[in-house]
Each structure stands twice: as structure tokens, then as C-alpha cells.
Amino acid sequence: MVEMFAAENGLKGDPRLQAISNAIRVVPHFPKQGIMFQDITTLLLDHKAFKHTVDIFVERYKDMDISVVAGVEARGFMFGPSIALAIGAKFVPLRKPKKLPGEVIAEAYELEYGRDCLEMHVGAVEAGERAIVIDDLVATGGTLSAAIRLLGTEYLAFHELR
Ligand SMILES: O=P(O)(O)OC[C@H]1O[C@H](OP(=O)(O)OP(=O)(O)O)[C@H](O)[C@@H]1O
Ligand SMILES: Nc1ncnc2[nH]cnc12
């Protein structure tokens, strides 16, 4: 998995990827039978692996005229703001329902274990802005698809941690 990710992203031989992978704990059968839960809280405890993670995104997306880093609640909030600050972009939280106080647009989606919805404040992103979506992982892709629909077609790329 690490080798495939490295080859696809121009990071072949980069020792940071294995360190990141090693720092993610896999918890079988959480939150229900059959799910191999990828727990990034252990990555957050390892400051070197945490920094490597943010650095890889920053190296990839700096100087690409990206003005929006959209983070998916909750785990995209743990990585997105650091990346936004480092590349000089604004951070836009994509939140679960009824958390944002202003006018919102919403997108519903299916999860590996349920159904949910993401909301974004109207006006947080302007037409023509280039955005990236940050989250910790893709399972079915439902969350990522909803995030992209929220941002419209102005997004540039998405990158998962593992
Ligand atoms: O590709 P998908 O099938 O859509 O699944 C991936 C999403 O599921 C997890 O979040 P979750 O909805 O469990 O919320 P949490 O971060 O609040 O725990 C994960 O952080 C992604 O956002
Ligand atoms: N396997 C998984 N590990 C962690 N978070 C998830 N969200 C959906 N599937 C997941």
C-alpha cells in the first residue's frame, strides 16, 4: 500500500511514508464487525510522523495557486489548518449538520457504516478559487464526493493520508 501510494505520488523511496504508516494504528472490528479502523490519533501522538504528514501535503500543494483548504469534520480538521497556514490559504470547515451558524449549503452521502451530511457556509469559497479537500482517509468515497459537490467544480485535487 505504502509503495503504491509512493509510486503514484512521486514519493518513491521517501522514508517518511513508512514512518507515517507505522504511526497509524489499525483497530479490527471498530466501530463494528468487519471494519479495519485506521486510527490516526496515534499518528497525532508522534510529532515527527505528524509533521511528515503535513510537510508532504505542503510540498505538493505550495506554489499551486491554491487559496482554499477545505477540511472534513472531524479528522480533516486535525491536518487541514496546518496545511492551510503553510501554503498561505484559507481554511474552510466542512461540518456535520446543524453545527454552522450561518447560511449553509448541504450535501448528503452514504458511509461505510451509515449515512451523513456535510455543510459549508455560503460565501466561504468564491467562484474561481482553487481548493483542496483534506481528510484522513477514503473508504467508499462518499464523503469525498460530497465535499467535492459542496465546493463545486473548482477543486484541484484530493489527497488521502493512506
Ligand atoms: O470514504 P467514506 O466511506 O465516505 O469514509 C471516509 C470518511 O469516514 C470517516 O469519517 P466519519 O464519517 O466516520 O466521521 P468522524 O471523522 O467524525 O469520525 C473518515 O474520517 C472520512 O471522513
Ligand atoms: N476503515 C476506516 N477507518 C477509519 N475511519 C473510517 N471511516 C470509514 N471507514 C473507516
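At 77% relative accessibility, Asp 63 counts as exposed (exposed means over 50% relative accessible area, buried under 20%, and partly exposed in between, with a 1.4 Å probe and protein chains only). Asp 63 sits in the loop between H4 and S3, and its phi is near 60 degrees, a positive value in a residue other than glycine. This is a predicted model, in which local features need pLDDT of at least 70 and side-chain atom pairs count only at pLDDT 80 or more, whereas totals for chains, interfaces and linings use all residues. Residues are numbered from 1 along each chain as its sequence is written, chains are lettered from A and ligands numbered from 1 in the order in which they are written, and side-chain values use heavy atoms, with hydrogens and water left out.

**Loops and backbone**

- His 29, in the loop between S1 and S2, also has phi near 60 degrees, and it is partly exposed, with a relative accessible area of 42%.
- Phe 30 and Pro 31 are joined by a cis peptide bond with omega of about -5 degrees, and Pro 31 is found in the loop between S1 and strand S2 (36–39).
- A cis peptide bond also runs from Glu 73 to Ala 74, with omega near 0 degrees, and Ala 74 belongs to the loop between strand S3 (68–72) and H5.

- Not counting residues up to four places away in sequence, Ile 83 touches Val 54, Phe 57, Val 58, Val 69, Ile 132 and Ile 134, where contact means heavy atoms within 4.5 Å.

**Helix H2**

- Arg 16, Leu 17, Ile 20, Ser 21 and Ala 23 of H2 are buried, and they cover an arc of only 165 degrees around the axis, which puts them on the same side of H2.
- Pro 15 and Asn 22, on the other side of H2, are exposed.

**Ligand 1**

- Ligand 1 is surrounded by 16 residues, the closest being Asp 135, Asp 136, Ala 139, Thr 140 and Thr 143 (a residue is near if one of its heavy atoms lies within 4 Å).
- An oxygen atom of ligand 1 lies 2.5 Å from a polar side-chain atom of Thr 143, and an oxygen atom of ligand 1 is 3.0 Å from an N or O atom in the side chain of Arg 75.

Methods. Helices (H or I, at least four residues) and strands (E, at least two) are DSSP runs, numbered from the N terminus. The arc is that of the directions from the helix axis to the C-beta atoms. A polar contact is a pair of N or O atoms within 3.5 Å; within protein, one must be able to donate a hydrogen and the other to accept it, and residues adjacent in sequence count only if both atoms are side-chain atoms.
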